Every structure is written in C-alpha cells, then in structure tokens.
Amino acid sequence: MERKSEDIPLLVAQEGLLNGQRWALRSRLIIGRDATCDIVVADRQVSRRHARITPTSNGILLEDLGSKNGTNRNGESINDPVVLLDGDSIQIALAQTFVYLSSDATLPLEGELISLSANKQGRLNVDKRSHRVKINDQEITPPLSMSQFKMLELLYENQGRVVSRQQLIEVIWGSEEAIQVTEQALDAMVRRLRERLSEFDATHEYIVTVRGHGLRLDNPEEAS
C-alpha cells in the first residue's frame, strides 16, 4: 500500500549553506560535496560522498561513507549505520546540520516556533521538533549541545515551576546513568548553558537556582 504523503519522513537542513531546505525520504539519498550527490553541500570540509540515508523496512538508516571529517548524530560520531529517531540532529563535518522528522505531519510551519507551555510566549522560545532555540527572535548558533537542549527543554516545559536537580539529571543522562552523575557535573552544565544564553541576552538570567529545591526558567514576556 502506498504511504500517505503525511507519513513520509523528512530531512530538514538547519545550520549551513542549505538552511531551510527539506527532502522527503522516499528513496536513498547521498550527501556530499560532489555535484552528482542527491544533497550537495559545497564545502571543503565535506567529502565528495560523505554520508548516506536509506529508507528500509526497519526504519531510516544513516551511515558515514568513510568521510574525512565524520558524521555525527546528536553530537556523537557514528562508525556503523544507525537507525534515525524523530528529532535526531545530523551533523555533516562542521559544515551542515540536518534534523530528521519521522513524518511531515510533525514539521512546524516555516518560521513557526512551538510553544511547549500553553499561553506563555516569552523572550526565549524552543522548537522541540527542529531543536532550535531563539531569544528575542535571534536563533542561538551554533546550536546547543544535545544535553544542553534537553535541560532547557525540560525547564521550558515547566517554565515558572521548579524542576528538581534529580529530575534534570535523569532526563539529561538517563535513569541508569543518573546514579553516577555528580552534582558538580550538573552545575558545570548549568553554568555553560547560562553562558550560551547570555551570549544572546546578557540583560536577563533565564535559569534561576532555587536553593534546596532545583532550577526554574524565568522567561519574561516579549516586549510589545
């Protein structure tokens, strides 16, 4: 049976030369610098045939084709083929970032940011699907790391409420790894995330420490 168009997975370009372009993953696509590739990234960091994305009966496979500067999924280099999951971030060398969406039904409208907290639109906004973060309509680039994004996403979903340190650790590192994560590791990540946010708005501290309880996001309303 033919798949409905809204069920076709998508690859959406973010940071890089192809920003904003998108491809329906109906068949195999080769990403590379060579003009014969299906997705051409004209950057010297990109190998002529850099990576391949292949629809299979088990899902959409991403594999590196022996590229010089590597292919990353969610910040981790891949050596073997991996099955993509909805929202995965794909980095081709340091030249181009893509996000994988399991269907175009989940794709935000062009330029639309999804507010994860109803009726709350502040200076800071998070797009859960494409992993984009904007402050005062300026996109944070380079993008946050996957761990930083998970932290901010959790705080954004609960903005105005305190999120416990333990809950943050379990969401960022996973419940199995959480017991090995130190308070210092969480503090270091909070500090780095604050620094990244301050690069785009040094007038306000978005992540507030509530001593003895946890963290909360203080997200002022947009200026009228």
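How much accessible surface does the chain have, and what share of it belongs to carbon and sulfur atoms? The accessible surface comes to about 12300 Å², of which 44% belongs to carbon and sulfur atoms; such areas come from the Shrake-Rupley method with a 1.4 Å probe, and for residues only the protein chains shown count as cover. The model is a predicted one, in which local features need pLDDT of at least 70 and side-chain atom pairs count only at pLDDT 80 or more, while totals for chains, interfaces and linings use all residues. Residues are numbered from 1 along each chain as its sequence is written, and side-chain values use heavy atoms, with hydrogens and water left out.

## Overall make-up

The secondary structure of the chain comes to 3 helices and 17 strands, where helices (H or I, at least four residues) and strands (E, at least two) are DSSP runs numbered from the N terminus. Of the 224 residues in the chain, 42% are buried, a word that stands for under 20% relative accessible area, with exposed meaning over 50% and partly exposed what lies in between (1.4 Å probe, protein chains only). Among the contacts in the chain with a separation of 6 or more, 45% are made by residues 24 or more positions apart, a contact being heavy atoms within 4.5 Å.

## The nonpolar cores

In soluble globular proteins, nonpolar side chains tend to be buried together. A nonpolar core is here a set of buried Ala, Val, Leu, Ile, Met, Phe, Trp, Tyr and Cys residues joined through side-chain atoms within 4.5 Å. The largest such core has 28 residues, and the members that touch the most others are Leu 124, Val 133, Met 151, Leu 152, Leu 155, Leu 168 and Leu 197. At least two residues of this core are supplied by each of strand E12 (124–127), strand E13 (132–135), helix H1 (146–157), helix H2 (165–173), helix H3 (183–198) and strand E17 (214–217), and the largest share, 6 residues, comes from H1. Apart from this core lies another, of 22 residues, which includes Leu 11, Val 41, Ile 92 and Ala 95.

Leu 124 itself, when residues up to four places away in sequence are not counted, touches a set of residues that includes Val 133, Ile 135, Leu 152, Leu 197 and Leu 217.

## The helices

Among the buried residues of H1 are Phe 149, Met 151, Leu 152 and Leu 155.

In H2, the buried residues are Leu 168, Ile 169 and Ile 172. Seen down the axis of H2, these fall within an arc of 100 degrees, so they line one face of the helix; the arc is that of the directions from the helix axis to the C-beta atoms. Their cover includes H1, strand E15 (163–164), H3 and E17. Just after H2, Gly 174 takes a positive phi of about 95 degrees.

For H3, the 16 residues should span 22 Å, which agrees with the 22 Å between its end C-alpha atoms. Its buried residues are Leu 186, Met 189, Val 190, Leu 193, Arg 196 and Leu 197, and seen down the axis of H3 they fall within an arc of 125 degrees, so they line one face of the helix. These residues pack against E12, E13, H1, H2, E16 and E17.

## Salt bridges

The structure holds 10 salt bridges, each a side-chain nitrogen of Lys or Arg within 4 Å of a carboxyl oxygen of Asp or Glu. The table gives some of them.

| Pair | N to O separation |
|---|---|
| Asp 201 and Arg 123 | 3.1 Å |
| Arg 192 and Glu 195 | 3.4 Å |
| Glu 199 and Arg 196 | 3.5 Å |

Asp 201 lies in the loop between H3 and strand E16 (207–210) and Arg 123 in the loop between strand E11 (96–101) and E12, so the pair ties together parts that are 78 residues apart in sequence. Asp 201 counts as buried, at 5% relative accessibility, whereas Arg 123, at 23%, counts as partly exposed. Arg 192 and Glu 195 are 3 residues apart in helix H3 and so are separated by about one helical turn. Arg 165, Glu 183 and Asp 187 are linked in a network of salt bridges.

How values were computed:
The expected span of a helix is 1.5 Å times one less than its number of residues.
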